[in-house]
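Take a look at the structure below. A few questions and answers follow.

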Amino acid sequence: MRAIDAGILICVECHQLNRQVLDSTGQNCTRCGARVHARRTDSLRRTWALLVTAALMYIPANFLPIMTVYSLGKGQPDTIMSGVIELIHYDMVPIALVVFVASILVPTFKLVGLTLLLYSVERHQPLSARQRGWMYRFIEWIGRWSMLDIFVITILVALVNFGSLASIEAGFGAVAFCSVVILTMLAAVTFDPRLIWDNTESDNDHE
Amino acid sequence: MVDSVELQQLVDLPLEELVGCHECDMLLRKPQLAAGDRAECPRCGFVLYSHNHQVIRRSLALVLAALLLYIPANFLPIMQINVLGQSSEDTIWSGVLSLYDAGGLLKSIALVVFLCSMVIPLIKLLIQLLVLLSIRLNVGRSYGLLLYRMYHHLREWGMLEVYLMGILVSIVKLIDIASPTLDFGLACFVALLLVQVWLEVTMEPHQIWEALSGEDLHASH
């Protein structure tokens, strides 16, 4: 049985149960005072908006250089993919794999995964709710790991700073990439996972 | 499947005897947990809550240890490199500064890095300290509730473990060109990270919420 059917609302912040007050415009949690909703307001629309923006930023993030390595006056721009390939050339396959997963696989998986979740909730696709639940939790958990490349750039820019001998500068691709990570993290937060379970039981609860 | 008579009984139970899964909205009778146990949602498998020993006392010790480690971890050099006789060192703070100095849009990344690796981890620790103190000393619990709500919003934006992985990747990238040497700051950073992870496991939110709302005044003993 769902809490919503019993007239009980679960606070999204402290998980306290609250009896639903009918005919009220807004209700606050009896324990922590946060606003309680049966489902997050406009969850699907907000998640779509964030997701589409992230997908747009995904293009410059992958094609513009995230950093440029200057050595003896010559500059060599690096995109995310060329950074991974370079690591493979240096025979550092395990690290190349980590960077590949964090910077390429995870953002792509998040964009595709969230789109699939949204689509399946809107169209009532008969996908296993349990599997989708796991997928959502995975997306939510792994999102922050994409910041890896941004931190690497920060450290390299600070360390490799020898004037004309050798230096590293960050590029606009890094800004775009950083925004993709943040936007997809926000999209995962605005998505209400309870919607996944709603359409396994009834048809019209997610509006 | 439960039949409708049982369902009706579930609805009529007082809220204290019920628990709802916040992940899938399943409503169930609250299980009684012994210390060290945890309850999971039977439908989606989400961990509902667990029950730890001496939460307040153990968490306080950990939060103090983490705060002590915070300053050396952020301001002592993490590593040094040498290129043709010139050396250069990196602290977490200097990384933020050098990105900020690059100017333009890069300032926005510097800000994000500053928030995720320094500001938010510090705010999280301070909030945890204040919340634990308010439970322990039994003062200002309403502020404690407010702060603890903030904590849950900030939670996933503190990214110390990702930063550590970033340090490792940078070391590997530099190893052929500049022979990086590790420094004391890195040890402090790793220690801070370990203490913080331990703290998050120990400080069980369910027990903190109950203690903050005064439902269980003995949680601190």
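Q: In chain A, in which helix is confidence lowest, and in which is it highest?
A: This is a predicted model, in which local features need pLDDT of at least 70, side-chain atom pairs count only at pLDDT 80 or more, and totals for chains, interfaces and linings use all residues. Residues are numbered from 1 along each chain as its sequence is written, chains are lettered from A and ligands are numbered from 1, in the order in which they are written. pLDDT is the predictor's confidence in each residue, from 0 to 100, and helices (H or I, at least four residues) and strands (E, at least two) are DSSP runs, numbered from the N terminus. Confidence in chain A is lowest in α7 (residues 194–201), at a mean of 75, and highest in α1(A), at 94.

Q: Over which residues of chain A does pLDDT stay under 50?
A: Chain A averages a pLDDT of 85, and 94% of the residues score at least 70. Where pLDDT is low, the predicted coordinates should not be read in detail. In chain A, pLDDT stays under 50 over residues 202–207.

Q: How do α1(A) and α6(A) run relative to each other?
A: Their axes (lines fitted to C-alpha atoms, for helices over the stretch in contact) make angles that run from 0 to 180 degrees between N-to-C directions. The axes of α1(A) (residues 43–63) and α6(A) (residues 172–190) come within 8 Å and cross at roughly 160°. Angles under 35 degrees count as roughly parallel, over 145 as roughly antiparallel, 65 to 115 as roughly perpendicular and the rest as oblique. The two helices, α1(A) and α6(A), are therefore roughly antiparallel.

Q: How many nonpolar residues does the contact of α1(A) with α6(A) have?
A: Residues are in contact if their C-beta atoms, placed from the backbone, lie within 7 Å. Leu50(A) and Met57(A) are among the α1(A) residues that meet α6(A), whose residues there include Phe177(A) and Leu183(A). Ala, Val, Leu, Ile, Met, Phe, Trp, Tyr, Cys and Pro count as nonpolar, Asp, Glu, Lys and Arg as charged, and the others, Gly among them, as polar. The contact has one charged residue, seven polar and 14 nonpolar.

Q: Which element gives the largest share of the side of chain B that touches chain A?
A: In all, 49 residues of chain B are in contact with 50 residues of chain A. Elements giving two or more residues to that side of chain B include α4 (106–137) and α6 (160–178). The largest share, 10 residues, comes from α6(B).

Q: What ipTM does the predictor give the complex?
A: Chain B averages a pLDDT of 85. For the complex, the predictor gives a pTM of 0.85 and an ipTM of 0.85.

Technical notes
Contact = placed C-beta atoms within 7 Å.
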